[in-house]
Amino acid sequence: MMNKVFPIFLLFFFSHSSLAQDRFSIAKEASNLFPDDEVAILESSINIEFKEDRSKGKIAVVRYDDEYIALQNKVKFYYTKFYDGESEITAFQSGAPADDDYYNSDGIFHSDVRVIYSAINLRDFAQIHETYSIKEYHDLRYLTSIYLTQPYPCLKRKIRIVIPEDMKVNLLQFNLEEFDISSKTEDGKKSVIYTYSGTNLESFTNEKDAPGNSYIYPHILFNIESYSESGKQKTLFSSTDDLYGWYSSLVDKIGNNKEPLRKQVEKLTAEAQSDKEKVESIFYWVQNNIRYIAFEDGIAGFKPENCQNVYKKKYGDCKGMANLMKQMLIIAGFDARLTWMGTKSLAYDYTTPSLAVDNHMICALKWEDDFIYLDATEEFINIDSYAERIQGQAVLIEDGTKYILKTIPISSHEKNKRTYELNLEVGAENKLEGNVEVKFSGEAKTSLMQYVKYTESNKKEEAIADFLSYGDNNIKITDIEEAGFDHKSTQGSLKGSIEMDEYVSEFGKELYVYLDPYKLYEQSEFRKERKFDYWMSYKKFETITVKLKIPSGFTLSSIPEPISFQNEDFKFNGKYKEDGQTIEYNFSVEIPDAKISVDNINSWNDFNSKLDEFYEQPLIFKQQ
Amino acid sequence: MRFIGLLIFTLCSIQLVGQLPDFYSDYTERDVKKKTWFSEEAVHNEIEYPDEWNKYSAIFLTYHVSHEAIEDNKIYTAIVSSLTHIRVKLLDDAAVSKFSEFYYKMEPGIGNFGDKYIGIRVVKPNGSATKVSKSEAVEEEDGKMKLAIPDLEIGDILDYYIFDKSPSSGITNGTYVAADRFPVQDEYPIKNFEYIVTCDNNWEVQFTTGKNGYKINESIVKERGKKMLRFSVKESDIPAIESQIWQNPYLSAPYIKNYLKYSYKNMSYEKPSDTNILRKTSLEEEEIEDTYTRFYFPDAAARNEYNAFKKFLSKNNKENISKERKLEEYFKFIRHKFMNMHYVHDQFHNEGFREEKMELIMGHIRYGLQAMDIPYEILVVANKDIGHYEDMINVGETDYVIKINMKNDVYLYKPDPFTLFNHLPYRVEGANAFVVDAEGNDINVSRFQIPISKPENNKMNHVSTIDLDLDNHEKISVNTNIKLTGHQIENYPERLCNWQKMIWDENKKYGTKLWGHPDEYKRGDQIKFQQYQKDVKKDIKERLKKYANNHYDLEIKELKKASAKLKSGSKESQVLEIQFDFDLENMVKKVGPNYIVKIGQMVGGQVTPDHDEKRIYPICMDYPRMYNYQIEFKIPDGYEVDGLEELNNDIDNETGHFKSSAKVEENILKISFEKMYKHNYEPTENWEKMKAFLTPATKFNSKEIMLRKK
């Protein structure tokens, strides 16, 4: 008896300690692999199946099984599962108390998204914690995509999707090839099973201004064409026609009543001299008077609110504002249409019929043989301009029972030009004194106008002075004047008197003068480890011109060397010239596609250090 | 039909303008509306305001808060009701945007059941008012409701009331039912401000508006045959608060501080007379005595630890040390026993140190003082962050320091694991404390002005040597040694020092368990402790880097060497020494054959007063202090220095000084920079004097020198 018990005990003891050893070495390896993370997932399995429920009809059931491992002592992390009006969490096993609450996301006033979450504390390094949960999608339209990348890094993740033979589903793969991911397809019982296996998957990035997730992370997009329910075949989104058909059915239920708008439209268009002026008047009125408040609430996330409510409440989401625009323009005698689209943050277009393709609605106005696109959520945007986030994006325009597919035109970066002009001379106590004027157009103008609009009245002057001095406390701005701060002006300007202290150093009989108070993109190096492109909110074109009167009694003895650089992402030029009386400094920067691709990060950094040196070079004047 | 309509209108109007119930407890929502939206009192309906206020984003036309507390003698239940009525005029888009979302919670505030009425309306410039329906409110987390306000435009008045009535049998003796503390001034000016507390004789009211506050009106009002006492503050044309550095509204502006307590002595069937109702605007000596007398009763439970301390002295041959030294040893012994010996364990388990432990330590110290026959006093003080000491109205606001009467007075305050012996927190400096003193069985209460430390006591001494390597991309190597004394040390030891070693050294001294020490701990647990220790070291390294970055106001990429050590000693010699070495680029630029060095940046960032700021408030700082920088810059061979005259400053006035100088001695440029804040408080009119030394100190930061090729 004793002989039997002892080996069993030993076996147990050794297997336990070797397991412990394993998890320590795994945790160490994972720490090396994911040095910035406190917790990782050892193994993750996501299993998606479809089944028919008596009361709910055809549903999708997603089961998540995860095994977390602590990469540090005293780790706290959150295990979360999201759901909304079209889905349900039917099982949630986190091993810790759970809370269920509304989920607030930035920029969204209200959505029906809720989150079940648990705070999980792992006391010891290499401690393992298992979780599982089940989420059901009651309306298959809302099962749009599944990501292999998740909020925590993962050593091994498997996504298994079982498609029954009575369903027609296209699984569209995005960005898989750039990761260590394999896939296989095999026959199951009256089904086909697709399996995607990934290893060493990092968590979602916290890099600022990276492209949207759909551009950079591996994921599967579901295009559910049809399925069988109670023996009957049902079509969901077999083509863009079906997607439009569903949208169109929602639009039919809006219940617009244009009458309350009529007087306002008449008032707005009464003095217009042309059709364009009428459109402008309505477009700018909506921008100015309807507050954008985002709602994402079940079907309300796709169905616009009726025009009379938005008009009365003076707020609405993009759909409500687009619908109000449409109805007001129709009253004014125009052909205006609702238009669905995905903004630049989405990698898809209408070749894929899915709810994942859209996240925005605007109004398209038939204009001669084409359309003008009116996005009233973009405050201060001119009728001839489109915001960067919608430029080049595919749009789906309503056209009765049909639809029109178009692409929003792309504008040149020259449209967003911002110019700084300074006229200076060396004054008392070696201060540079003179005037400054900044002119801005396009999105450079709209962004500044939004900033000024939402600054409290009593702080506005200080805010503009801060803008003109670039926050440098050694610069004093007075006598501020503004012009063109309206929709119609294509260019706005701010000007004032400027006094720059500590920009001149005197050494013996020499003056060392630094002319550029703005030093655009100074010390703007990216982290060498950056993984993704850097996207800017709009295309940049900025120029600085500074004219300095040569101080009397002095002659120019040294002038900095010019600087220039150009590649497909960015272009810089900086130079000084002299005409005997004046020194003129010219600097320009162009970022024509509003991005620095990751391939150009090194050249940006290399150039940026040269730019910093350029900015440090003074003009030197010698006493005569 | 027309007649019926008129009749209905008339009935409604009569009801709206009719008499209000005497007590909030009888209010229906209709009454609340009458009291607020349909009131004829200016405080609730005035629309005029000074023209010059149009420059603001918004204006509070009405800011009304009132509390009513009564005992319902039929059911012996306390009923507390509160009404808030706000009318805010929106003058720009920023205000419309800010007030376009309204948040509220429907659950009753106090008690087990009650009513809560919330009404929101938008009043247009023409006087037309539209009530906002709450039916479109959406739920946020924790049951908080959020409502988008419709049709809100510039020029509108957002007008809302929140009424909360909470009857509760759960309110027992000593329960505070309305405790408010808020500065009256807001970011917007206030046309009509009103704060009212009304109660019957079952309540104790403690109420102040602060040293710089408004008059509190007291009156007896008779409602439904019951005498009620009313305290009210009513002010108009209150300017907006401006954001300024070193500003504490609780020290320089009016505020509301109110405690309303259910009083047991009035709960008996025999009601006391009106004169027994307590009403206070300052703290009374009697309460101080009642609260702090127990600090002179020896706590027998402390005897064991005191005996253990005596053994410790005996074992270490320290029985004959002076009383002062003995006291210091006892302070450290007791703190070790209750706090520090567990510190590594507590940190590892995220337990931290708790208030109860501090009190336990202070109790043992009092016992020790009595056992050692060392006389002491209890100084009862207020933390100046919550107002002037004169404005303490509730004994719960008080804190205390033990003042030990020795050759040189010793002050002991509730310690954390790093508090130095004889430490007086700056928050109580200058307070006119109550002194609770015992002579035999007699307890006396008197007053004592706690001294304010001198700038020299709170010093940052910075010495750095700078090497410039012209052959290596003009790289600058900096070696910095910083010594902090006095209050400048506070908050840093835990963040910057290797406290594990400090604690383990203490454990060795007292022969206690080296919890978590690698030599002591079992093999199986070593990995997690090693990991933990690595984490602590990594954290400290990161914090030191952050400290260096903040100190210099520069982006220091890497510290080559960094350490921080707390050196104990006498109060004057206690020092936190921080050292770090680092390299800097971009501090030197080559211009022709010469170099320009941004030498001013080597003293780090300085407080920058705004160009044209008109000081409105007194200057309330933590403590007097001084900063001294000594910089030695080795001049490379073959170069001489130009531009030194710009580095000389000598400004000295009653508020502070800034002195700087630069000279070359044996090819070393020696720069001296000293800034002193002479007091912890300056009146408003002294701001220009402060700017006189602060501005050149800030400008010093931009100064350059030239290394000219000989």
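So, domain 2 of chain B and domain 4 of chain B: their centres, taken over C-alpha atoms, are 26 Å apart. The domain bounds here come from an automatic or database domain assignment. On that basis chain B splits into domain 1 (2-281), domain 2 (291-451), domain 3 (453-474 + 586-710) and domain 4 (482-584). The contact between domains 2 and 4 of chain B takes 12 residues from domain 2 and 16 residues from domain 4. By contact I mean that the C-beta atoms of two residues, placed from the backbone, lie within 7 Å.

Before I go on, some housekeeping. This is a predicted model, where local features need pLDDT of at least 70 and side-chain atom pairs count only at pLDDT 80 or more, while totals for chains, interfaces and linings use all residues. Residues are numbered from 1 along each chain as its sequence is written, and chains are lettered from A and ligands numbered from 1 in the order in which they are written.

On the domain 2 side of chain B, the elements that give two or more residues to the face touching domain 4 are α8 (323-338) and α9 (343-348). The largest share, 4 residues, comes from α9(B). Those labels are DSSP runs, numbered from the N terminus: helices are H or I with at least four residues, and strands are E with at least two. And what is the class make-up of this side of domain 2 of chain B? There are 8 nonpolar, 4 polar and no charged residues. For the classes, Ala, Val, Leu, Ile, Met, Phe, Trp, Tyr, Cys and Pro count as nonpolar, Asp, Glu, Lys and Arg as charged, and the others, Gly among them, as polar.

Now the chain-chain interface. Here 37 residues of chain B are in contact with 37 residues of chain A. Which elements of chain B each supply at least two residues to the side that touches chain A? They are α4 (93-99), β6 (138-139), β7 (145-148), α13 (523-552) and β25 (588-591). Helix α13(B) gives the most, with 5 residues. By class, this side of chain B has 12 nonpolar, 11 polar and 14 charged residues.

While we're on α13 of chain B, that helix holds His551(B). His551(B) has 18 C-beta neighbours inside 10 Å, so it counts as partly exposed. The cut-offs, with C-beta atoms placed from the backbone, are 20 or more other C-beta atoms within 10 Å of a residue's own for buried, 12 or fewer for exposed, and partly exposed in between. C-alpha to C-alpha, His551(B) sits 46 Å from Ile216(B), and the two are 335 residues apart in sequence.

Over to chain A. It has 10 helices and 37 strands, and its C-alpha atoms fill a box of roughly 110 × 75 × 40 Å along the principal axes. Of its 624 residues, 37% count as buried. If you take the contacts in chain A with a separation of 6 or more, residues 24 or more positions apart account for 71% of them.

The assignment for chain A gives domain 1 (31-235), domain 2 (244-407) and domain 3 (413-623). In chain A, 34 Å separate the C-alpha centres of domain 1 and domain 2, and 21 residues of domain 1 are in contact with 15 residues of domain 2. On the domain 1 side, the largest share comes from β14(A), with 3 residues. That side of domain 1 of chain A has 8 nonpolar, 9 polar and 4 charged residues.

Helix α4 (259-269) and helix α5 (275-289) pack at an angle of about 125 degrees, axes 8 Å apart. That makes α4(A) oblique to α5(A). The axes are lines fitted to C-alpha atoms, for helices over the stretch in contact, with angles from 0 to 180 degrees between N-to-C directions. Under 35 degrees is roughly parallel, over 145 roughly antiparallel, 65 to 115 roughly perpendicular, and the rest oblique.

Then α5(A) and helix α7 (318-331) of chain A: their axes come within 10 Å and cross at roughly 150 degrees, which makes α5(A) roughly antiparallel to α7(A). Val279(A), Ile282(A), Phe283(A) and Val286(A) in α5(A) meet Met321(A), Leu324(A), Met325(A), Met328(A) and Leu329(A) in α7(A). By class, that contact is 9 nonpolar, no polar and no charged.
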